[in-house]
Structures are given as C-alpha cells and as structure tokens.
Amino acid sequence: MADEQPLHIAVLVKQVPPYDSSPALDSRRRIDRTSLPAEMNAWCRRAVTRAVELGRACGGRVTAVTLGPPRAVDVLREAIACGADDGLHVSDPALAGADCLVTAHALAAAVRTQGAPDLVVAGRSSTDGSTSAIGPMTAELLGLPFIGPVLDVGLRMAGGTRRLVAVLQREDAVEEVEAELPAVISVAERSCAAAKAAPENWPSSAAVTTLSLTGLPGARAAAASPTTVLAVHTIRQGRRPELLTGDPDDAGRVLELIDQRAARLDVAPASTLPPGPPRLSGPLILAVTGAPRSVGARALLGAAAGIAARTDGHVVVATPHADLARLSAAGADDALVFTDSGPRSLARALTDWAASRPEPPWAVLSGSTAWDREVLARLAVRLDGGLMSDLTSLRTQEAAESTLLIGTKPTGSALADITAVGRTRIATVHTGCLPLPAPRAARSITHRTLDVAEEPAVRVLHRTPRGDHDAVERAHVVIGVGAGVPKEGYGELDGLRDLLDAEFAATRKVTDAGMQAHDRQVGITGRSIAPRLYLAIGISGSRDHLVGVARAHTIVAINHDPDAPVFDQCDIGLVADWRDAVRALTRAAAERWR
C-alpha cells in the first residue's frame, strides 16, 4: 500500500433509538424519536470499524457523515473517538422525518461536498427502519458500483489500478468480488467488531462541520418524501395459544395437538388467484424476481396478482428465466426476461422499459434478498418513486381520489403502516410473510426479452454456493433454537430432529454468536419461512424473530419462563425446562411413530 495514494473514505452513520423502543407519531404524522434515548446504529458501528481499518492501511482520511437533529452530532463524536478524522453533520429542521430517498439525496449531496471520495462505507441496514436501501440509493445517486453485504474487504493493485476486493455474504453463496474504485459498500453485521467508545472519551464537536439544506445542491426537504407513515401500532396477537405445564405427560398432549392441527392441512385449498385468460390492460404491477422457481417468487406473484385484481390491472414478471407455465400459474399475465442480473444495469434497463410504456408501472414489487434490495433501491432513485422496504404485509385501500398501496413493517417494538405517493409505488417484501396461494391452471402468456448490459465495474472472482441454503425454507418441520439453549446442549436436540425430519433454524443472537450458520437465521434480518410446524426452543419471542415465522401453520413454544413473549404468539406452549421438555418429547415421539 505504500506506493498508493491515500484513500479518502466517507462512512455513513445513523443515530437511532434503542432497539426495543416504541416510537409514536408526532402532530405531523412523522415518527417521533425526540423523547427516546439515542445511540449509534449497531450496523453503522461495523461500518466505522471497516472504514478506519482501510483508512489507516493506506494513510488515508476517514470522514464520518450523518443526517439528523442537533443531538446526532454525538454519533460523529463517537466515530471520531473510534478513529475517524472528522465529521460532517447534515442538520436542518426541514429534513425532519425524511424518508430513505430524501435521506439518500441529502447524504449523497454531503459526500459530494468532500470532493470525490474513493470509497463510501455504510452499514447493511438500521435497527429502527431495516431498509437496507441507503447504501445502494447513495451509490445510484453518485453513479457508483455497490457491493454488499461485505464480510471481509481489502485493497490491491491490478493493472496499475487500485481495486477493492471483498467477500460478500449472499443468501445462497459466499462470493469473492473485485470492484473498481470509487465505489460504495455496505458492511455485514458479522463482518468485524463493533466500533465503540465511552462518552467520556468522545472529543468535542470541533472536528465536525454542519451543513444545512442550503449547502447541499440536489438535496430536498422532508416534505418531498414519496413515502409517509400512516400509523404506528402495537402488535396484535394473531394466535390463540394453549399453554401446558412442565409435566412429562404433557409431551404426549403436545403431539396430539400437533396432529389435530396437521389434519387441517390435508384438504388442498382452491386457488384464490384471478381465473380466466391473461389480462394485459389496466394498471401494471411489476414483480421482479431473480429466483422464479422459488417459493418466494410464488408468494410475490400471488401478492402482485391480488393487487392487480383490486386495481383492475395486470401482472408482468421480470425474471432471468422464462418458465412461462410456472409463472402464469403463480399469477403472471406477461413476462419480461432479462439477459443479465447485475443490479445496476438491470435497474437502468427497467427504467428505460418503463419510460417506453404509455404509463409507468403502478407498483413494483420484489423480495428482500440483497439482490432484490439493490435493484429496487436503484430503481426508486431512477423512477423517483417511494420505496417501502422490508415489508411483512401488503394491502390496498381506497382513498378519496386514489387507491393506496399500504405496507406494514416492524419499527422498534411496534408496527408501522406506510404508503407511497407518486406515479410508481415500490416495495421490497419478506415473501415468507405473505400468503401462498394455491397455483391456478397454467395459461398461455407471452414474454419479451430485456437486454441488460453486463456490469463492468464489479467482477465475481469466486463463488462458493451453499448447497443447503434453502433447506430451512423447504422444510415442513423446523426447530428454532434460541439463546436459552447453550451450544453444548445441541446434541440433545438431534434425536427429536431426526424423528421429526426437521431442519434447524436460529435467532439472530444465536447466529451472531456463531452457534448456527447465518443462512439459518429467521426473522426480520434473516429468512421468513412457512413450515407446517415450527418448534421454538429456548426462544424468548422477540417480534423481530417471530415475524419470520408468521406464516407457519403451527408454532409450538418451549420456555421455562411463563411470562416469555413467545407464549403470546404460539399455538401450543409448554412451560418447562428445555432439556426436560425435549427429552420427554423425544420419548413420546419415538413411542408414537416407531
């Protein structure tokens, strides 16, 4: 690195309320965080660590950048205490309540005031909004390549050009990629140690420059936000749990209740998808999927078809494969087959396609993988549309002059209903939380080819697929392991897992500790699954985890604490020590099914 020019790195950080806080709406229907404590977003702490490491390796400079009220200067002071050289604080009352698109415009404008940074580093997401959109949106606004989530990252010279080399944490593989600089990266939550400094070690704000909207060409006020929060409400109990005590005889009763509930699944439901020939008129609902053969694609197309039915519209699926029979049976009326899956180039091609139509898409939907999020974040910038990120449900609602598309997503320990305004509404959705309609009879649909240029700035050097990456999503029975089960106790679960032919899943705390693989994580920051049976062992029941199993037919919870929140969101609850319960269930299952 000695013969290279020092890098200038900008790291984006955010001040957020504590993870389990419950924000309310203020008089202007904005989420009110002023009465809550504040701290640096957990994922931004990893971004600071990586930015400082890269900056020190080449003798470069690191500028921490944030947007927020005056007190948000504290996250910059902490970032400087952790190794950043200076800070840039975007603060203006006109930006209060800005959504992710307006925020990205302001942050990109702030980065531009620093000249042309070689690298922009962001956290993968935020604990208060879970949008995962700011990184790719900023990249699109700056005209830069984006890679993430990054597990490991470094720099090297290739052909006289400095390049970024990173290991990425994909849902189905681990990839090693090379990217040209300048670039934008997002850092995975398990990438490195979190940057932290005690408040008494924070410097003064002398190294922080504050900018208002007037100093940010291209930025907008919050009033220009194309998304808005309609309501914030507490989670409503959706199940009627039957609780049992820790008597060993209760194990047999648990199995009886499971069998009774399983019997209800034997009758195949009729398809709820619109029947008849393909409809090619009315509002266009565009469903974008990179995995058209997956269960998630079926759920996504089912949601799109439901919206189309309620708006007298039709569904076009954008996909890399033209399996027309499968796509039509899932809800598509037409198909757009793209030739390359690079998110940056695909977003550009979809924008051009939308511009060629008499009317732009009424809505664009996709899943919540890293690929989905980047494509739709870039598309939202290009279409100047409202992006509703990481939703757990979608619905339409008739308003005075228009039809609203409303999404629900977790925010802190509550749920927020949000909507988007403008000509095109854009949403990424946890497809595992959506209903899965039975297929309809396949119909003859047409398809067109969408030419997408290859992305020259990012090159995949090596890809290691995970052969069982979707095993949890395909399993009929899943055993979820929480922090209440120590790693040395996992062996005691094997017998029950074999008897139930089950797959293991885990909470975020468990995967953070390395006791289960990342692709086994279930919840708002992991997978959303819909097994016939979900057996939650040693799981307290945080909302962010349980939202990932909302579509499970039967949830059985085992916890020693009768007041554990999981007992409010299960169908069958067993209050018992997990070891005693697992041993009793294993014996009862062996006798019942031998």
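Helices (H or I, at least four residues) and strands (E, at least two) are DSSP runs, numbered from the N terminus. On that basis the protein has 14 helices and 31 strands. With a radius of gyration of 24 Å, close to the 25 Å that the globule rule gives for 594 residues, the protein is as compact as a globular protein of that length; the radius is taken over C-alpha atoms, and the rule is 2.2 Å times the number of residues to the power 0.38. This is a predicted model, in which local features need pLDDT of at least 70 and side-chain atom pairs count only at pLDDT 80 or more, while totals for chains, interfaces and linings use all residues. Residues are numbered from 1 along each chain as its sequence is written, and side-chain values use heavy atoms, with hydrogens and water left out.

Of the 594 residues, 57% count as buried, that is, under 20% relative accessible area with a 1.4 Å probe, protein chains only. Where contact means heavy atoms within 4.5 Å, 73% of the contacts between residues at least 6 apart in sequence join residues at least 24 apart.

T63, which lies in strand β6 (residues 61–67), counts as buried because its relative accessibility is 1%. Leaving aside neighbours within four places in sequence, T63 is in contact with H8, I9, A10, V11, D86, G87, L88 and Q114. With D86, the side chain of T63 makes a side-chain to side-chain polar contact at 2.6 Å, a polar contact being a pair of N or O atoms within 3.5 Å, of which, within protein, one must be able to donate a hydrogen and the other to accept it, and residues adjacent in sequence count only if both atoms are side-chain atoms.

Definitions and conventions:
Buried < 20%, exposed > 50% of the residue type's maximum accessible area, 1.4 Å probe, protein only.
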